[in-house]
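I opened the notebook for a new model today.

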Amino acid sequence: MDKDFFVEELQTHHAMLYRVAYTILQNDDACCDALQDAALKAWEKRHTLRETRYFRTWVTRILINACYDTRRRHRRIVVMEEIPEQSVPPEDPALAMALEQLPERLRLPLVLHYAEGMSYAEIADALRLPQSTVRSRLHNAREQLRKELEAECCLLYTSPSPRDLSTSR
């Protein structure tokens, strides 16, 4: 693998890799650190990639490991005022909140499949899980999301309107 191919592939997949890192770390600065670490590790280990068509899955796995390393290095208590606002506002705030409520083991396969378009086999390779586990985690994640969103909708529809409050007095 030559330098030009490597750089081009990293640039092609940069947005996807950032979203994967953000899914794990949920911090812009930590994501940048993990992306840099992953790029360096991937370059150093480029000879281990047997087929270039698997570059995306291979570099995603390296990034996930880099994210876990970054999280271990940065474990500390953070004051709520120090947490930066999310850089890109979500299209559906209810969905974003429901996604944040999911545990990482369910959220990561969901993001890889639906946001990044990865197949079950690619996710299984990237997460080093059997495909059956990926499918069951996706199923469980969808069920939890459905319950969260239904609960949200029920709260919206069952809360009294201002008109109802004024007539009950």
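My entries on this model follow, in the order I looked things up.

**Entry 1: overall make-up**

I noted at the start that this is a predicted model. I counted secondary structure and found 9 helices and 0 strands in the protein chain. Reading along the sequence, I wrote the pattern down as α-α-α-α-α-α-α-α-α.

I then looked up burial. The protein chain has 169 residues, and 33% of them count as buried. The chain exposes about 11400 Å², with carbon and sulfur atoms supplying 53% of that area.

For contacts, I took pairs at least 6 apart in sequence. Of these, 71% join residues at least 24 apart.

**Entry 2: helix α3**

I picked α3 and checked its length. It covers residues 28-44, which makes 17 residues. At 1.5 Å a residue the helix should span 24 Å, and its end C-alpha atoms are 24 Å apart, so expectation and model agree.

Which residues of α3 are buried? I listed D28, A30, C31, A34, L35, A38 and A42. They cover an arc of only 145 degrees around the axis, so they sit on the same side of α3.

What covers these buried residues? I found that the cover includes α1 (3-12), α2 (14-25) and α4 (55-73). I then turned to the face pointing away from the buried side. That face carries the exposed residues D29 and Q36.

I also looked at the N-terminal end of α3. N27 caps it. A side-chain oxygen of N27 lies 2.9 Å from the backbone nitrogen of D29.

Side chains of opposite charge can pair when their charged atoms come close. I searched the whole structure for salt bridges and got 9.

I took D37 and R73 from this search. Their side chains meet in a salt bridge, at 2.9 Å from N to O. This pair links distant parts of the chain, with D37 in helix α3 and R73 in helix α4, 36 residues apart.

Are the two partners buried or exposed? D37 has 25% relative accessibility, so I logged it as partly exposed. R73 has 51%, so it counts as exposed.

I stayed on α4 for the next pair. R72 forms a salt bridge with D69, and the closest N and O atoms are 2.3 Å apart. The two residues are 3 apart in helix α4, so about one helical turn separates them.

R72 is at 52% relative accessibility and therefore counts as exposed. D69 is partly exposed, with a relative accessible area of 23%.

My last pair was in helix α8, residues 131-158. The side chains of E150 and R146 meet in a salt bridge, at 3.2 Å from N to O. E150 and R146 are 4 residues apart, so about one helical turn lies between them.

E150 is at 42% relative accessibility, so it counts as partly exposed. R146 is also partly exposed, with a relative accessible area of 36%.

Definitions and conventions:
Residues are numbered from 1 along each chain as its sequence is written. This is a predicted model: local features need pLDDT of at least 70, side-chain atom pairs count only at pLDDT 80 or more; totals for chains, interfaces and linings use all residues. Side-chain values use heavy atoms; hydrogens and water are left out. The expected span of a helix is 1.5 Å times one less than its number of residues. Buried means under 20% relative accessible area, exposed over 50%, partly exposed in between (1.4 Å probe, protein chains only). The arc is that of the directions from the helix axis to the C-beta atoms. Contact means heavy atoms within 4.5 Å. A polar contact is a pair of N or O atoms within 3.5 Å; within protein, one must be able to donate a hydrogen and the other to accept it, and residues adjacent in sequence count only if both atoms are side-chain atoms. Accessible areas come from the Shrake-Rupley method with a 1.4 Å probe; for residues, only the protein chains shown count as cover. A salt bridge is a side-chain nitrogen of Lys or Arg within 4 Å of a carboxyl oxygen of Asp or Glu.
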